[in-house]
Amino acid sequence: MSLSATTAPPSPAAPPPPDAASRRRRGYLLNHLDLKYSPYLYIAPFFLIFGSFGLYPMLRTAWMSLHDWDMIGDHSFIGIDNYTRLLSDEYFWNALVNTFGIFALSTIPQLLLALFLANLLNRTLLRAKTFFRMAIFIPNVVSVAAVAIVFGMLFQREFGLINWLLSFVGIDQVDWDGQRWSSWTAIASMVNWRWTGYNTLILLAGMQAIPKDLYEAAAIDGAGPWRQFWRITLPMVRPTLIFVVILSTIGGMQLFTEPLLFGNGRILGGNQREFQTLAMYMYEMGIENLNSAGYGAAVAWAIFVIIVLMSLLNFVLVRRSAK
Amino acid sequence: MISASQRLWRTSPLTYIALVLAALLSIYPFYYMVVIGTRTLDSINDVPPPLTPGGAFGDNFDRVLANDAANFVTGLINSIIVSSVVTVSVVLTGSLAGFAFAKLRFRGRNILLLAIIVTMMIPTQMGLIPLWGMMQTLGWYDTLYAVTVPFLVSAFGVFMMRQYASQAISDELIEAGRVDGASTFRIYWNIVLPALRPAAAVLGLLTFMETWNSFLWPYAILTPENPTLQVSLSFLSYAYYTDYSQVFAATAVGTLPLVVVFILFGRQIIGGIMEGAVKS
Amino acid sequence: MSLTTRRTRMAAAALAAITAVGGLAACGKDDDTPAEGEKPAKLVVDTFGEMGYDELVKQYEQQTGIKVELRKTAQLGEYRPKLVRYLATGKGAADVTALEEGILNEFKANPRNWADLTPLVADHSTEYLPWKWELGKAPDGRLIGLPTDVGSLAVCYRKDLFEAAGLPTDRDQVSALWPDWNGFHEAGRKYKQGSGGKAFIDSVTAVSNGVLFQQGSDLFYDKENNIIADTSPAVKAAWETATSMVDISAKTATWSPEWSGGFKQGTFAATFCPSWMLGIVADNSGEANKGKWDVAAVPGGGGNWGGSWLAVPEQSKYPKEAAKLAEFLTNATSQVEAFKAKGPLPTNLEALKNEAFLSYTNEYFSGAPTGKIFGESVSKIEPVHLGPKHQAVKENALEPALRSFENGQASKAKAWEQFVKDAGIQGAF
């Protein structure tokens, strides 16, 4: 399921069936038309529905981004002004930093942990394998909204479980939504909780595809478990790892619900916008403020471009790793 | 004497400790939901926080059912309808298109596939306002159409099925079908779809979960009169104060169907996810 | 040709599938335009917070046979974006829509979104507080809103906590503690000492809301709608008074879970109560705390926080009937009923003189004569000009800056800088 497959040449399609003498002319014609045109029919539902409900709104957003657009009033064409304004908008860059910060906090530990857990689960003699796999995956079943409510309570200042636990090691009440680092940590912990198990299983699958004789050969050469992990496992799961990074990137750049609910639904994301993400800023400008819908649309396109750029970077890495 | 490979893969108690810890951490917030949902409202702000379930679930859930603002039961039924319809559609359209991309030859195939992958990168909130306007024009505001029709297809679904089909179905199988004079649709229906069943199960379950849990769009387009489950949950705390034990009792009940589905089909989901990755 | 047939068949199948899905959507909206004079089957009313309309709506249904659907949204912050979407797309708005003073001007800026009520209702221009009536008019002279309530201020306080801390509990004695804000601060310090360091008020933003509207002068905008946030004396006064009270604040942001939990926990002993807040205080505190709260006068005398109008969106299919409903909900009798139910304070002069209103005592608040207390304070309200994006500046510039300071995230000077900068951004229109 790696994105690398997209750049791989398509597998050869079935050659047309042998023109058996027994077939009548009409049958051949039908067959020919079927082969030539039916694929378009099969992919048509996707493009029809996506075109109407996905593409059209997106193009409309692009159109809006070129205007000074008041949601309940007038609009006028202003060209790329919204985009130039973006470049010098301190709060846009703030949101960008927050998004990347939370992304880093929720991707790096998550991947390390997932690698570690996958490595543990990869032991052949492990008992209760299915139980552990399912237990680790279960957070992915719970909705983001529910996760946000639960974590919101866990991270409460006065009555929260986490502050209560911290009080035992002598740490004073932490005001989790009051500082940049603490709010990032709290939000990242929600993301980590929900996705670590999912990524663990994907990595585990990658690990299981590694031929066992590689390890045996290494063992005979006297390499210990750690050495084997560094020398064999890690290089071999690299494509899977990058696939996981791409998925996390797409999700991380669009992060919205977790920080929003963490901040009691306030779109600013903290008193000083400590955890306002790009998607939240887009929402603030495009939806909350009546008169800056065009600017919000520009933010939306900026997010899209950032995701595409980061995915391209990943494609390059995939290619490199494939060599 | 144990062989090299066995020595390599032996599991120490430390492994189990680490895994049990991870499993506990995974399950804990879920358990916490149950704890709060079964406690009285007064006890949840206690210090230290409560750690075990209480006996107030019945009371809490009665309040959920009595909460006119939320229409919990309607929400539950709507979610079942919407999630089922979307799931069936995504699996069918996904496998049909995936089959075409993987096994049929047609002009523009690669560029169209690339287009599908790019669509996965579009921020979902981006088209909110225009889409909202479209729904109003269609007269779909506050109807289940609005939360169903736009999601009947999924780029991820097409892509996943394409990946699976290209590996799991041999060209010989399809050729054999052709020799028998079957049309491509017959081949899809009789040969491809059955072969795609494991991947279809995974896609179906992931789609079901995602649709069940989606919030932002349903919240924007539906009213408390006719909500989905997640929207209904958000209206439970509609007033200026939040009755957490009520919210959590409802959330636990709302998550329960997914957990049941997951436990029943869990092996297949997990197998499927791993299948997908192995094929990379 | 067979290909066409197949395609047609596929299309038909797809259509059937979509129609089948459609059959599941139970509650569609009928888009039929009504014939002239036809009675509407249903009117929709959009409100936020607690406007006390539940019973009134039932009465109206009985009187007229028109079904009324009351859609409530908790917070203005959620209510406003929905309203924006309704207006932006020209569909989905309720027939009668409540507009709060903080967002009124923003919506008045595009008066063509709203029906002119003048030809639709009788002339009520002399029946309401004059300034309140005037604010319901758009710049172009159209009457777009009928007055509902004003948010005349008082202080809600916990008698039991006051007693435990050695403060007086009688509402007159309590009012006498704070003729001005210094007195209030002093009482707060005494409470803190007497209670072993507990906080007195919920937050400094609550104080700022109290002071802000007492000044009777321009707030974030001048009369020409220029942003004057950095020079406005009223804003400066609110800022100084609010920031000075950080030592007695519980630092629970209004509407946050800590705040709503705080009412039960006794995290703070007093908060500022515009009359519409009474219902919210009662809901948050719960049945167990009935009779523990009481109501006293606000320091500095008078002041107004909040208050609304009922408007009819241009897109309503039944503007005439909607206007009639709005007229009903804002008449003297209804305003008294709403006040008794949830606390919003009448603006109708007759309602304010009504015996049932003046003699009303609130059981939950220890039998406080809230009718008398709030009724007297109405006359002291000095109307202030709010400007087009008042709510956005208050919520997204002033209050975050105050909280930054309150939580020790920024020095007072830095927080002020933050406010001035954000006021410029949020206030632009």
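What span should the 32 residues of helix 4 (residues 72-103) of chain B have at 1.5 Å a residue, and how far apart are its end C-alpha atoms? The legends below begin with this helix.

The views show a predicted model, in which local features need pLDDT of at least 70 and side-chain atom pairs count only at pLDDT 80 or more, while totals for chains, interfaces and linings use all residues. Residues are numbered from 1 along each chain as its sequence is written, and chains are lettered from A and ligands numbered from 1 in the order in which they are written.

**View 1. Helix 4 of chain B.** Of the 32 residues of helix 4 of chain B, 23 are buried, so the helix is largely enclosed by the rest of the structure. A residue is buried if 20 or more other C-beta atoms lie within 10 Å of its own, exposed if 12 or fewer, and partly exposed in between, with C-beta atoms placed from the backbone.

**View 2. The helical chain B.** Chain B contains 14 helices and zero strands. Helices (H or I, at least four residues) and strands (E, at least two) are DSSP runs, numbered from the N terminus. Buried residues account for 55% of the 280 residues in chain B. Of the contacts in chain B between residues at least 6 apart in sequence, 76% join residues at least 24 apart; two residues are in contact if their C-beta atoms, placed from the backbone, lie within 7 Å.

**View 3. The side of chain B that touches chain A.** Here 91 residues of chain B are in contact with 89 residues of chain A. Helix 14 (residues 244-278) of chain B gives the most to this side of chain B, with 14 residues. By class, the side of chain B that touches chain A has 59 nonpolar, 23 polar and nine charged residues. Ala, Val, Leu, Ile, Met, Phe, Trp, Tyr, Cys and Pro count as nonpolar, Asp, Glu, Lys and Arg as charged, and the others, Gly among them, as polar.

**View 4. Strand 1 of chain C and its partners.** Strand 1 (residues 42-48) of chain C is mostly covered, with six of its seven residues buried. Seven bridges join it to strand 2 (residues 67-73) of chain C, and the two run parallel; strands pair if DSSP finds at least two bridges between them. In this pairing, Phe48(C) stands opposite Thr73(C). Strand 1 of chain C is also joined by two bridges to strand 3 (residues 96-100) of chain C, again in parallel, and Val45(C) stands opposite Val96(C).

**View 5. The two domains of chain C.** An automatic or database domain assignment gives domain 1 (42-150 + 307-358) and domain 2 (153-305 + 373-427) of chain C. Their centres, taken over C-alpha atoms, are separated by 27 Å. In all, 22 residues of domain 1 of chain C are in contact with 20 residues of domain 2 of chain C. Helix 4 of chain C gives the most to the side of domain 1 that touches domain 2, with five residues. That side of domain 1 of chain C has ten nonpolar, seven polar and five charged residues.
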